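Let's take a friendly walk through this structure, with a few stops along the way. Please have the sequence and the coordinates open as you read.

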Amino acid sequence: MERWIFTGAVDKRDLLLYICKVLASSGRRVLLIDATDRGKYRHVIGGIVDEHEISEFNGFDVARLGTEADKELSDSYDYCLYDIDRVSDHSGYIWNAAEQIIWVASYDRYEIAESSEFFSQLVQTWPQLHGMKVLPVFTRTMDSFVDEQYVMSLMDQLPIEWIFTEIRIPWDEINFAVQTENEHSQTLRMNRITRSYKKAITDLITRLAGWEFKTAKKALRKAERRQA
């Protein structure tokens, strides 16, 4: 079982849900752990009333941090994805056990500053994380004098080894519209999201899971056809 941590101040719910659906569509058992401060996912999937529930959604399981599923993860899951936006004194084991750590970033100045403060607090709380490897993935990108190189220069002071890729998700109102419709209908349709978004998802899964690109692409196409 592999653990992947996704962190950053940017809203990344749609990205994680899409990734989970693609992984699940390939026949893997997938668990998404909502470790956000306010439990954001319960508003999207229509479940997870308290911290002791596990909800099935579009072929994968979703739980809150602190559930028995989180504390006693078994080999029945192939992948466990965490969305973490807060530093906890009790979550050190998660960071130590994670095979992949992904920072989902944008060009937004507030979100960059919040992420920098988060990582600073994280390594202060857990000094053993100094030098940890983190993969930046940029979302809501656009043509601007602000670019990835500038954003990363604002993170230079952090004791982190950044692993650079070309994975980015351009801003597009179609993706935003699909996300909004999915949230209000509490479903997860992927067929209308843009080609660039689909490629970013495929590239990211290929990078994280070590799949061949054609395998990830086939799973994404299956996820597009799957309605629930």
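Leaving aside its neighbours within four places in sequence, which residues is Asp-61 in contact with? Taking contact to mean heavy atoms within 4.5 Å, the partners of Asp-61 are Arg-29, Val-30, Leu-31, Leu-32, Ile-54, Ser-55, Glu-56 and Tyr-77.

Before going further, a word on the ground rules. This is a predicted model, in which local features need pLDDT of at least 70 and side-chain atom pairs count only at pLDDT 80 or more, while totals for chains, interfaces and linings use all residues. Residues are numbered from 1 along each chain as its sequence is written, and side-chain values use heavy atoms, with hydrogens and water left out.

**Around Asp-61**

Asp-61 lies in strand 4; helices (H or I, at least four residues) and strands (E, at least two) are DSSP runs, numbered from the N terminus. With a relative accessibility of 13%, Asp-61 counts as buried, where buried means under 20% relative accessible area, exposed over 50% and partly exposed in between (1.4 Å probe, protein chains only). Ile-33 is 28 residues from Asp-61 along the chain, and their C-alpha atoms are separated by 8.6 Å. Two of the contact partners of Asp-61, Arg-29 and Tyr-77, also meet each other: Arg-29 lies over the face of Tyr-77, 4.7 Å from the ring centre. A charge counts as over a ring if NZ of Lys or CZ of Arg is within 6 Å of the ring centre and within 35 degrees of the ring normal.

**Aromatic pairs**

Rings of Phe, Tyr and Trp (its six-membered ring) pair if their centres lie within 6.5 Å; planes under 30 degrees apart count as stacked, over 60 as edge-to-face and the rest as tilted. By this rule the count comes to 11 aromatic pairs. Two of them are set out here.

| Pair | Centre to centre | Angle between planes | Class |
|---|---|---|---|
| Trp-103 and Phe-119 | 6.3 Å | 80 degrees | edge-to-face |
| Phe-118 and Phe-119 | 5.6 Å | 75 degrees | edge-to-face |

Trp-103 sits in strand 6 (residues 100-105) and Phe-119 in helix 5 (residues 109-125), so this pair, 16 residues apart, links distant parts of the chain. Trp-103 is buried at 1% relative accessibility, and Phe-119 is buried at 0%. Phe-118 is buried too, like Phe-119. Ring pairs join Trp-95, Trp-103, Tyr-107, Phe-118, Phe-119, Phe-138 and Trp-162 into a cluster.

Helix 5 also holds Ile-112, which is buried at 2% relative accessibility. Beyond its neighbours within four places in sequence, Ile-112 touches Ser-106, Tyr-107, Val-151, Leu-154 and Met-155.

**Helix 1 against helix 7**

How do these two helices cross? The axes of helix 1 (residues 13-25) and helix 7 (residues 173-185) come within 11 Å and cross at roughly 75 degrees. Axes are lines fitted to C-alpha atoms, for helices over the stretch in contact, with angles from 0 to 180 degrees between N-to-C directions. The two helices are therefore roughly perpendicular, a term for 65 to 115 degrees. Arg-13, Asp-14 and Tyr-18 in helix 1 meet Val-178, Gln-179, Asn-182 and Glu-183 in helix 7.

**Two positive phi values**

Asn-58, in the loop between strand 3 (54-57) and strand 4 (60-64), has phi near 55 degrees and is buried at 6%. Gln-186, in the loop between helix 7 and helix 8 (195-209), has phi near 50 degrees and is partly exposed at 40%.

Definitions and conventions:
Parallel < 35°, antiparallel > 145°, perpendicular 65-115°, else oblique.
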